[in-house]
Amino acid sequence: MKKLKQMSGPYSIGFELSSTAQGFVATDPNGNVLYHGKQPVMGTRVFKEGQHAAEARMPRTSRRGIQRRRGREHEMERVFAPVISPIDPDFFIRRRMSYKLGKIRFESDPIGFSYSRLFHSFPTLAHLDVALMEADSAMDPRLIFEAVANHVVRRGHFLLENQNVSSTNSDIDTQVANYAEVLVSYFEDTLDERIELSLEALDINGNVTARELQKQFASAMCVSGDDIQKKTEKAQIKAIADLVAGYKADLTVLVPDAEKLPKVSISDGDALEEFLADSCPDSLVPVLMAAQALYTSWKLQGMLSYAPGKSLSHNQVAQHDVYGKQLRMLKDLALKYVAKQDANGNVDEDGFKDYVRFFGGPKREDGYRYDKVQVKKQDSPKNNMGYTAYNLNVLGYEEFAKRVELLFKDTDAVDDSQYKTMMEAFANHAFLRRIHTVDNAAIPYQLHAEVINRIIDNQGRFYPWLIDAREHILKVLTSRIPYYVGPLDSTDHGKAGENGTRFAYI
């Protein structure tokens, strides 16, 4: 047994490195393992294989987003506290604890109980916005806080920054023309190819589905070049059409000599921002920005079509009313053809059970809210809790439409004109669409700022301090940290540089 410390001549050290382990050994010139003490100088270290940064990217982005939303909300609390605290000292504490309190009765807190009844008299926050914009008298400052804080916290995206965007100005034709211009320039300068986009072949409005939009763009485009292959041409056209429709697009075919790029959807603002920061070629940025602007305008066409020319909140109120009418239509059809209710109110027993199951389900212990966990366990095509599961976000829109069709299977409803109208609306994604969906990611911050300004203009007549706070409120709404800004921690970690900090760079 030779010891390493006794070696006066040469010896060898061998290493083995892999993605999940590393090993080492020390030997003499004859290949014999050397010892240190009584232990051989050899060993291994095993570890988990490293994961791609994408595994942590979305949780990290979500975590940062939540932190910043809380920061904006706390700033709004600071602005409104001098006015609200004298009339309701526990308002902000009660609001922060609402997720634990639920809708309990505030018998021991008459101020909280009276405000709870006042606040819940508005079906949605959009109804509150409209009331604040149109009221001829001063409204409770707590209600003003709820409305303003909601818009400041959610605030929308900044992809149309410095553009004149309002509820009366969401011209999609301008965005289509701009997108076509950017594509022509990109294909000529970067790919040395030619692309033609027939604007006359496009008929885009708020009722066009994403699939129809993709097909319109795919059929309206033509790519040509000296050495371009048919397969490459089809792939490029598909990528451009997928991009503008909000689908995940394979952008690798649009970047010459590039490594495999991750698929990107411009409907996902967080993922798009990470892609721009990490792996997007600079030449491709204008294409993504133009596609995002067009996608936003298309989505806004649908969102702002319920009350044309009016604010975002007015349109959401109108959409809420449409939702109520459509739900009434669905229930009436189910009573007529599933429960088989007659003029005297008599129903078929088995059919009525199907009706109750579809619109009902297991409830929580409090007795007034449905239990999402139990609904998720019990719901199935055979135990069809369609509407309740959809309302609790257990079912997606497409699956809900299938469940509605399943509910009326083997009934005479298929010949009813209202049923046909309902199914056509489902096909166009226009029946029982929620107000709060992923489509809201297309709302730019300017529409939120427009509502805030109108609330301040109206209620500022009664609260002059609100006019004074307008600039600060809008500054909180529009302030953001660009994705290319580094850590902002100014504390001293270890050895600092000449400026006294190591990681507080921009």
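Q: Which residue in β5 does Gly 23 stand opposite?
A: This is a predicted model. In it, β2 (residues 21-27) and β5 (residues 42-46) pair in the antiparallel sense over five bridges. Across that pairing, the residue opposite Gly 23 in β5 is Thr 44.

Q: How many bridges join β1 to β2?
A: Strand β1 covers residues 12-17 and strand β2 covers residues 21-27. The two form a hairpin with three residues between them. They run antiparallel, and the number of bridges joining them is six.

Q: Which residue in β2 is the bridge partner of Phe 15?
A: Look along the β1-β2 hairpin. Leu 17 has Gln 22 as its bridge partner in β2. For Phe 15, the partner in β2 is Phe 24.

Q: Which are the edge strands of the open sheet?
A: Three strands form the sheet, with antiparallel pairing, in the order β1-β2-β5. The twist averages 10° from one strand to the next. An edge strand here pairs on one side only, which leaves β1 and β5.

Q: What is the mean pLDDT of the protein?
A: Of the residues, 89% reach 70 or more. The mean pLDDT is 85.

Q: How many residues does the largest nonpolar core have?
A: In soluble globular proteins, nonpolar side chains tend to be buried together. Here, Phe 80, Tyr 179, Phe 217 and Leu 251 have the most contacts inside the largest core. A second, separate core of 33 residues includes Tyr 337, Leu 392, Val 404 and Met 422. The residue count of the largest core is 88.

Q: Which residues does Phe 80 touch, not counting those up to four places away in sequence?
A: Phe 80 is among the residues with the most contacts inside the largest nonpolar core. Its partners include Phe 92, Pro 141, Ile 144, Phe 145 and Val 148. The list also holds Trp 465, Leu 466 and Ile 473.

Q: Is Asn 150 buried or exposed?
A: Asn 150 lies in helix α6 (residues 141-154). Leaving out residues up to four places away in sequence, Asn 150 touches Leu 125 and Phe 145. Its relative accessible area is 15%, and the cut-off is under 20%, so Asn 150 is buried.

Q: How are α12 and α18 placed, roughly perpendicular or roughly parallel?
A: Leu 312, Ser 313 and His 314 in α12 meet Leu 447, His 448, Val 451 and Arg 454 in α18. The helix axes are 8 Å apart, at an angle of about 100°. That angle falls within 65 to 115 degrees, so the two helices are roughly perpendicular.

Q: Is Lys 340 buried or exposed?
A: Lys 340 sits in the loop between α12 and α13. Its phi is near 55°, a positive value in a residue other than glycine. Most residues other than glycine have a negative phi. The relative accessibility of Lys 340 is 52%, and the cut-off is over 50%, so Lys 340 is exposed.

Q: What is the relative accessible area of Asp 410?
A: Asp 410 is found in the loop between α16 and α17. Its phi is near 65°, a positive value in a residue other than glycine. Asp 410 is exposed, with a relative accessible area of 76%.

Notes
Residues are numbered from 1 along each chain as its sequence is written. This is a predicted model: local features need pLDDT of at least 70, side-chain atom pairs count only at pLDDT 80 or more; totals for chains, interfaces and linings use all residues. Side-chain values use heavy atoms; hydrogens and water are left out. Two strands pair if DSSP finds at least two bridges between them. Helices (H or I, at least four residues) and strands (E, at least two) are DSSP runs, numbered from the N terminus. pLDDT is the predictor's confidence in each residue, from 0 to 100. A nonpolar core is a set of buried Ala, Val, Leu, Ile, Met, Phe, Trp, Tyr and Cys residues joined through side-chain atoms within 4.5 Å. Buried means under 20% relative accessible area, exposed over 50%, partly exposed in between (1.4 Å probe, protein chains only). Contact means heavy atoms within 4.5 Å. Axes are lines fitted to C-alpha atoms, for helices over the stretch in contact, and angles run from 0 to 180 degrees between N-to-C directions. Angles under 35 degrees count as roughly parallel, over 145 as roughly antiparallel, 65 to 115 as roughly perpendicular and the rest as oblique.
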